[in-house]
Amino acid sequence: MLEEVPILKKEIEEKLSLITDSKGLEAFRLEYLVKKGKVQVLFDRMKEAPKDQKPILGKELNILRKFVENAFAELKEKFESAEAVQPTIDLTLPGRTSSIGSAHPVYQTMDQMINIFTEMGFSIAEGPDVEDDAHNFDALNFPPDHPARDMQDTFFIKNGENLLLRTHTSPVQIRVMQGMKPPIRSIMPGRVYRNESINARSLAEFHQIEGLYIDKNVSFAELKATMMVFAKKMYGENSKFRFRPSFFPFTEPSAEMDITCFLCGGKGCRVCKQSGWLEIVGCGMVHPNVLRNGGIDPSVYSGYAFGFGIERVSLLKTGVDDIRLLYENDTRFLNQF
Ligand code: DAH
């Protein structure tokens with residue numbers, strides 16, 4: 001029986017060398033270290049051994065048991081510490097790619113519009129989003145009872161104080177006129193705010209580009225030509241547009257320019273309210289009162305002004321038929337531009 005001890009030890013050493021994880025180690029424990037395990041079985045069989053062999057056999061078996069227990073404890077610790085860090089490093093996982101952003105479609109449109117006007121010689125000016133009544137309304141020749149002053153349309157910052165979120169970029173015209181002498185050739189891009197219900201055609205917060213041109217002998221023909229050059233550059237040589245008479249307190253005469261509806265091509269549909277046309281810009285010759293409020297003498301100078309809604313221009317350009325999509329920031333939508 002004594003000779004079985006080194007044979008079992010050899011077997012155990014071989015098994016130990018093959019264990020690579022805690023699953024294998026557990027199988028090893030069940031084979032050698034439990035009550036019915038191979039080491040204990042030898043202990044149990046000690047009674048079969050000849051009497052004179054018993055002390056030495058007992059000693060050898062104890063050494064073997066210690067050896068197995070130590071080896072087991074060592075491997076257990078090794079696997080536990082390795083497995084504790086393992087989940088954080090899985091080298092088989094694919095790498096994480098970071099997605100590259102791009103300019104928002106509204107800002108892409110704004111940049112395109114700015115490029116077209118700066119090529120024509122316009123410079124860029126900006127004004128504050130929080131305006132006072134005087135710049136947003138009074139100086140632009142709005143009468144005191146104009147409906148746009150109503151709480152329905154304008155976000156006032158504080159009741160009783162004259163501060164409000166500008167409802168259009170036109171107040172920047174006043175600031176530009178007050179800040180420089182003619183000739184003036186400026187565009188004024190920016191964000192504007194209106195207390196409107198949100199639907200497919202309108203938002204409470206959107207963008208405009210204002211334009212102002214002041215010099216001696218400026219005519220309506222120049223305004224019309226500028227608008228036509230813009231429309232052709234933005235929408236292509238073959239795009240169709242029309243001018244309609246309109247009304248704004250700050251221009252006289254006033255007009256609006258329409259472009260053929262992108263959705264129906266002019267046949268009439270829900271987007272263009274069956275007219276076949278979509279309005280993209282309001283414009284006109286700057287009212288003498290507005291020139292005066294800007295510190296410019298209307299008997300010497302004249303000028304034209306215009307105001308585009310950028311979202312509207314963007315929808316027309318891209319064929320998107322719901323303005324709200326522009327601001328949901330769904331990357332599946334934004335990635336298309
Ligand atoms: N401010 C106008 C609006 O928000 C747009 C506009 C119309 C601007 C005519 C102008 C203009 O400068 O001449 O609807």
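**Cores, burial and bridges**

Tutor: The largest nonpolar core has 44 residues, of which Met113, Phe117, Met227, Ile280, Tyr304, Phe306 and Phe308 touch the most other members. At least two residues of this core come from each of α5 (105–119), β5, α8 (220–235), β7 (251–260), β8 (277–286), β9 (302–309), α10 (310–318) and α11 (331–334). Another core, of 22 residues, lies apart from it and includes Leu25, Leu57, Leu61 and Val68. This is a predicted model: local features need pLDDT of at least 70, side-chain atom pairs count only at pLDDT 80 or more, and totals for chains, interfaces and linings use all residues. Residues are numbered from 1 along each chain as its sequence is written, and side-chain values use heavy atoms, with hydrogens and water left out.

Student: What makes a set of residues a nonpolar core?

Tutor: The members are buried Ala, Val, Leu, Ile, Met, Phe, Trp, Tyr and Cys residues, joined through side-chain atoms within 4.5 Å. Helices (H or I, at least four residues) and strands (E, at least two) are DSSP runs, numbered from the N terminus.

Student: Why is glutamine 208 called buried?

Tutor: Buried means under 20% relative accessible area, exposed over 50%, and partly exposed in between (1.4 Å probe, protein chains only). Glutamine 208 has 10% relative accessibility, so the residue counts as buried. Glutamine 208 sits in strand β5 (residues 205–215).

Student: Which backbone atom does the side chain of glutamine 208 reach, and how do you know that the pair is a polar contact?

Tutor: The side chain of glutamine 208 reaches the backbone nitrogen of threonine 169 at 2.9 Å. A polar contact is a pair of N or O atoms within 3.5 Å; within protein, one must be able to donate a hydrogen and the other to accept it, and residues adjacent in sequence count only if both atoms are side-chain atoms. The 2.9 Å pair is therefore within the limit.

Student: What about histidine 168: buried or exposed?

Tutor: Histidine 168 has 6% relative accessibility, so this residue is buried. Histidine 168 lies in the loop between β3 (163–165) and α7 (170–179). Its side chain reaches the backbone oxygen of asparagine 136 at 3.1 Å. A polar contact of 3.4 Å also joins the side chains of histidine 168 and serine 170.

Student: What makes glutamate 4 and arginine 45 a salt bridge?

Tutor: A salt bridge is a side-chain nitrogen of Lys or Arg within 4 Å of a carboxyl oxygen of Asp or Glu. Here the closest N and O atoms are 3.0 Å apart, so the pair qualifies. Glutamate 4 is in helix α1 (residues 4–18) and arginine 45 in the loop between α3 (38–44) and α4 (54–85), 41 residues apart. Glutamate 4 is partly exposed, at 28% relative accessible area. By this rule there are 17 salt bridges.

Student: Why does the pair of arginine 166 and aspartate 129 tie together separate parts of the sequence?

Tutor: The salt bridge first: the closest N and O atoms of arginine 166 and aspartate 129 are 3.3 Å apart. Arginine 166 lies in the loop between β3 and α7, and aspartate 129 in the loop between β1 (123–124) and β2, so the pair ties together parts that are 37 residues apart in sequence. At 2% relative accessibility, arginine 166 is buried. Aspartate 129 is partly exposed, at 28%.
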